[in-house]
Amino acid sequence: MAAPVIHPAANVDPSARLGPGVVIAANVTIHRGVSIGADTRIGAGCVVHEGCSVGSRNRLRELVVIGTDDSVDSKCSVTIGDDNVIGAHCTIGVDPQSESF
């Protein structure tokens with residue numbers, strides 16, 4: 001199995017767990033404690049916030065955001081399963097101010 005490939009312009013927290021064959025494009029931010037499964041490709045400009053995990057064999061197109069920003073005083077954990085394609089400019093998360101999910 002191939003080692004993860006991380007573009008030099010990406011920012012990946014050292015505590016993030018990256019499976020074999022993961023490819024991370026330019027200007028991606030992977031926050032602490034994130035888990036990315038094997039053979040997942042993360043497109044340019046994506047952000048995966050703390051507490052989130054992305055399964056194996058996923059494709060995140062450009063500028064996808066998974067989870068919520070830490071500045072809202074609430075953690076949001078989002079889990080993406082295996083074998084998904086998430087289109088460009090999508091945001092997947094839970095509004096911590098909302099009472100219904």
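Predicted model: local features only at pLDDT ≥ 70, side-chain atom pairs only at ≥ 80, totals over all residues.
The model contains an open sheet of 5 strands, arranged in the order β2-β5-β8-β11-β14 and paired in parallel. The edges of this sheet are formed by β2 (11-12) and β14 (91-92), each of which has a single partner strand, so that one side of each is left without a neighbour in the sheet. In general, the strands of a sheet pair through backbone hydrogen bonds, in either a parallel or an antiparallel manner. The partner of β2 is β5 (residues 29-30), to which β2 is joined by 2 bridges, the two strands running parallel; within this pairing, Val12 lies opposite Ile30 of β5.

Ile30 also belongs to the largest nonpolar core, a set of 19 residues in which those with the most contacts inside the core are Ile24, Val28, Ile30, Ile42, Val48, Leu60 and Ile66. When residues up to four places away in sequence are not counted, Ile30 touches Asn11, Val12, Asp13, Ala16, Ile24 and Val48. Nonpolar side chains tend to be buried together in soluble globular proteins.

Most residues other than glycine have a negative phi. Asp83, found in the loop between β12 (79-80) and β13 (85-86), has a positive phi near 65° although it is a residue other than glycine. His89, located in the loop between β13 and β14, likewise is not a glycine and has a positive phi of about 70°. The relative accessibility of His89 is 59%, and because exposed residues are those over 50%, His89 counts as exposed.

Technical notes. Residues numbered from 1 in each chain as written. Heavy atoms only, no water. Pairing = 2+ DSSP bridges. Helix = DSSP H or I, 4+ residues; strand = E, 2+ residues; numbered from the N terminus. Core = buried A, V, L, I, M, F, W, Y, C linked by side-chain atoms within 4.5 Å. Buried < 20%, exposed > 50% of the residue type's maximum accessible area, 1.4 Å probe, protein only. Contact = heavy atoms within 4.5 Å.
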